[in-house]
Amino acid sequence: MKELLSGNEAIARGAWEAGARMAVAYPGTPSTEILETMAARHREVYSQWSPNEKVAYEVGIGASLGGARTLVCMKHVGVNVAADPFMTHAYTGVNGGFVLVTADDPEMHSSQNEQDNRLYARFANVPMLEPSDSQEARDMTMAAFQISEEFDTPVIVRVTTRISHSKGVVGVGDRKPGPEKQFEKDPPKYVMVPNNARQRHVVVRDRLAKLEKFTEMTQFNVLEENGSKIGIISGGVAYQYAKEVLPDADYLKLGFSYPLPLDKIRKFVESHDTVLVVEELEPFYEDQIRAAGIMVEGKKYFGHLGELSPYRVADGMKAAGIVDTVAVSKIAPAENMFPRPPVLCPGCPHRGAFMALRKLKVAVTGDIGCYTLGFTKPLGAMDTCVCMGASIGTAIGMEKVHGYAKGTVAVIGDSTFLHSGVTGLMDAVYNNSNVTVLIVDNSATAMTGGQQHPATGRTLMGDEAGKIDIGQLVQAMGVKNYRPVDPYDYDQVLNTIKEEMANDGPSVIHTQRPCVLMPKRIMEEPYTVDLEKCTACGACFRISCPAIMAAKETNERGHPKAIIDASLCTGCTLCSQICPEEAIILKSQMVEA
Amino acid sequence: MEKDHFDILIVGVGGQGVLLASEIISEAAIAAGYDVKKSEVHGMSQRGGIVTSHVRVAPKVYSPTIQQGTADIILAFEQAEGLRAVNWMKPEGVAIVSTTALIPAIVTSSKQFDYPEDALDQLKAKADNVIVAEADRIAGELGNPRLVNTILLGVMSALLPIDREVWLDTIKKKVKERFVEINLRAFERGEQIQRESVVS
């Protein structure tokens, strides 16, 4: 049976076929669809969102100890959050097979950095598989469970955006149950106090020695001989780019890429005149191959930054002297093109908060989510963004040193607050910070597509769920100045921020309106512009709403008046609140006039 | 020998249905017996930003992305985005472009940037084969502005070695049931445009 599946869908499919009983994650691009697919199509697997990647990983440890084959998924930076349990889990090993999917984002299509998580495999001494298309994503996920159980170790399946979000034809099969297992008490293995951990570290090194034999034998490290003098060592999507450019070279394709099959590589290099290593981001293969005393070249020609592409691989191969020409565009690109950055949606409840923050000219420490778009012009109301949950700690530090005369406000979303903002707020209470925190709550993990979280009242699988009350939580932590506000009421937001910045002690301002992309969004009557009254002052253009566009009509100085696209307007009212001419009115009022 | 590999670049703005269109092309090509890979980027880039999908159809496909300058077809749901993508196309390729113009806030709110009012003319100056489709107007006539994608699929369909029945079956399979009828009509309007078009 064949299906058109994305890499993410294929991973879910593979885990289901392999008999996984547990799948757990926190959403993060490009990994999110793995669990969404699991919950939608493969409901025999219990799937859940956890509040963050660390908890997700720990839930995974427990499920594996309890005997279940377990899939844990996250984006590359999520592994940083889960690194604490991960690094020691490498010591304890598993019971039911345990697979960690890390979905990396070279080029940073939707991320704050482009770290290469293959290095985590080496860091923790755990085996790693690197699929190069959807078929391998399924096959390798299935194999990863077996390898995990055979070698008693967590196994990394490392994909990148181009694997996760590319679709290809996949041969699939049926679900087979995994081994029947239960938890067995074994403190020396599972209780990582120093004495036990020292013993387990020995086990880790012995295991690595066994894996070094396995990697030489496994079907996933494939030799493709075409009788060429040129050899290419590659893996992941880079392999596909190389095949595209130079289909007739010999290949050593690394699918099981930690530990590396160094004997195989040595023989491959010895039997070819020229060998190139083609890999994205860090010289992960290249450094280890060279450290083993085998001379290869790679990064010199292909670079360390961003995504590779057929063009970049061809260009590198030309520089290395193994291809003669590189196809280039014969049609010149368009000149002076305007940018089209992502923006907050029409009716987005975050807009009111950023309009107020821009007006106040405060320093705004930001966080990770849709609302990070508050930094884009013309809103331009966010000054920092580092990682999930960083806004509150950053604001505390800046506030403690009086780092900005106009004051500092932290902005964080609901899902991000529950992920890792809560501890930042604890710091604010504990250390008597005067910080003002704006929790912009749209009842969703919106940027990744509106997933559920602990304050939405629903689970990933669609069941009713326990629901954290963010207001009660904040107050229980000792925040005395807690102010819920309506982000569609511009003056209320503006005045509340002013008041709370003047107040002593930590303040939390909690804006509450659901994401406009939610199924049950509030769709009010659209607004329209009375062009008789509009003076083309541009105030509504500066709130950066995609529904507001330039009209053909202009004022006497040639500036365009505004029109509103009724199919996009959600009737959030913000533009009508800031229009100095009261020219933005409901469509029905226009008809009456 | 009939051409058996096609690289199709679909461009538009978040919300225009780029991903559904690429899904339909891919499924139709598989049903017609081809290997297919398609690639696109989700997440932050979708919020009103540019959405690009690469669809590659051939007996055997390696790279999931198209190499710049080699696309056989550019399918543009927005005219300036068609212009922006033109250098991805090979000179003998075909650009199918909707007259849709979506001007972002960053242009309307500042003097720094201009939207190219002459995007279609610039495009025709650069590319030999351009089919302009008033898909936004036709979608409006059909009563749903979101049909631009299906209309352009109709325009493109005759350029690929995929039977008409396969296209129609795939649309029926991929579109929500209550929208099937209107999408089939949109597809036919696109086919009509293709038949009447003098490639300029």
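Reply: Let's start with a term: two strands pair if DSSP finds at least two bridges between them. Strands (E, at least two residues) and helices (H or I, at least four) are themselves DSSP runs, numbered from the N terminus. The model is predicted: local features need pLDDT of at least 70, side-chain atom pairs count only at pLDDT 80 or more, and totals for chains, interfaces and linings use all residues. Residues are numbered from 1 along each chain as its sequence is written, while chains are lettered from A and ligands numbered from 1 in the order in which they are written.

Now to the meeting place. Here, 54 residues of chain A are in contact with 50 residues of chain B, where contact means that the C-beta atoms, placed from the backbone, lie within 7 Å. On the chain A side, the elements that each supply at least two residues include helix 7 (161-164), strand 8 (166-171) and helix 14 (310-319). Helix 10 of chain A gives the most, with five residues. By type, this side of chain A has 32 nonpolar residues (Ala, Val, Leu, Ile, Met, Phe, Trp, Tyr, Cys and Pro), eight charged (Asp, Glu, Lys and Arg) and 14 polar (the others, Gly among them).

Three bridges join strand 8 of chain A to strand 2 (residues 35-40) of chain B, and the two run antiparallel.

As for confidence, the predictor gives the complex an ipTM of 0.93 and a pTM of 0.95.

Notes: Contact = placed C-beta atoms within 7 Å.
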